[in-house]
Amino acid sequence: MDVMEAIQGRKVQRAFVPKPVEAEKLAQIVSAGRHAMSARNLQPWQFIVIQNRDHLREIGGLCSTGRFVADAPSAIVVLKDTANARWADVDSGQAVQNMATAAWGLGLGTCWVGNFDGKGIATMLGVPDGWTIFTVLPFGYPDPSNPPQPRPLKPRIGMVYFERYGNPAPK
């Protein structure tokens, strides 16, 4: 799958088949995250790969909007460096986007979890001071019996302008 196909075709996946994700694919996803751009090249992220079923269930229980993590075959907990907080959210977001797009290109699905008990997860995983949980990304093969919802785009008109706000895009 080429990059534009992955970007334009990716969907949010919250249901997975109970098939393990291969170590090579997880390594490629982590590599995609590591290759994200970051301000001043600080790379203010770290990644914890989770495959242990008990750990996934515990993390899922700490994710109020991501309980589906408990049923995922794997997850990556993304940490951000609080000492470099000025751009850490933007930079970590770029790493997450890279990982999600790479996963889709590898035939895997994910859903960025946005509401979780960061302190609880950090304590569970032994995260040191100076680092906080940015997000949890569960990964797995999409469950065909529970496909993702379509994601229609807003029209370009009223969203894309040229040279000045309000100038419509050329046809």
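Among contacts in the protein between residues at least 6 apart in sequence, what percentage join residues at least 24 apart? In this predicted model, the share is 76%.

Along the principal axes, the C-alpha atoms fill a box of roughly 55 × 45 × 30 Å. Of the 171 residues, 39% are buried.

Strand β2, which spans residues 74-81, deserves a careful look. Eight of its eight residues are buried, so β2 is largely enclosed by the rest of the structure. In a regular strand, side chains alternate between the two faces of the sheet. Both faces of β2 are covered: Ser74, Ile76, Val78 and Lys80 are buried on one side, and Ala75, Val77, Leu79 and Asp81 are buried on the other.

The pairing of β2 comes next. Strand β1 (residues 45-50) runs antiparallel to β2 and is joined to it by six bridges; here Trp45 has Lys80 as its bridge partner. Strand β3 (residues 131-139) also pairs with β2 in the antiparallel sense, over eight bridges, and Pro138 of β3 stands opposite Ala75.

Finally, the surface and the charges can be described. The protein exposes about 10200 Å², of which carbon and sulfur atoms supply 55%. There are 18 positive and 14 negative side chains, and the centres of these two sets lie 8 Å apart.

Technical notes: Residues numbered from 1 in each chain as written. Predicted model: local features only at pLDDT ≥ 70, side-chain atom pairs only at ≥ 80, totals over all residues. Heavy atoms only, no water. Buried < 20%, exposed > 50% of the residue type's maximum accessible area, 1.4 Å probe, protein only. Helix = DSSP H or I, 4+ residues; strand = E, 2+ residues; numbered from the N terminus. Pairing = 2+ DSSP bridges. Contact = heavy atoms within 4.5 Å. Areas by Shrake-Rupley, 256 points an atom, 1.4 Å probe, with all protein chains shown as cover. Lys, Arg positive; Asp, Glu negative; His and termini not counted. Charge placed at Lys NZ, Arg CZ, Asp CG, Glu CD.
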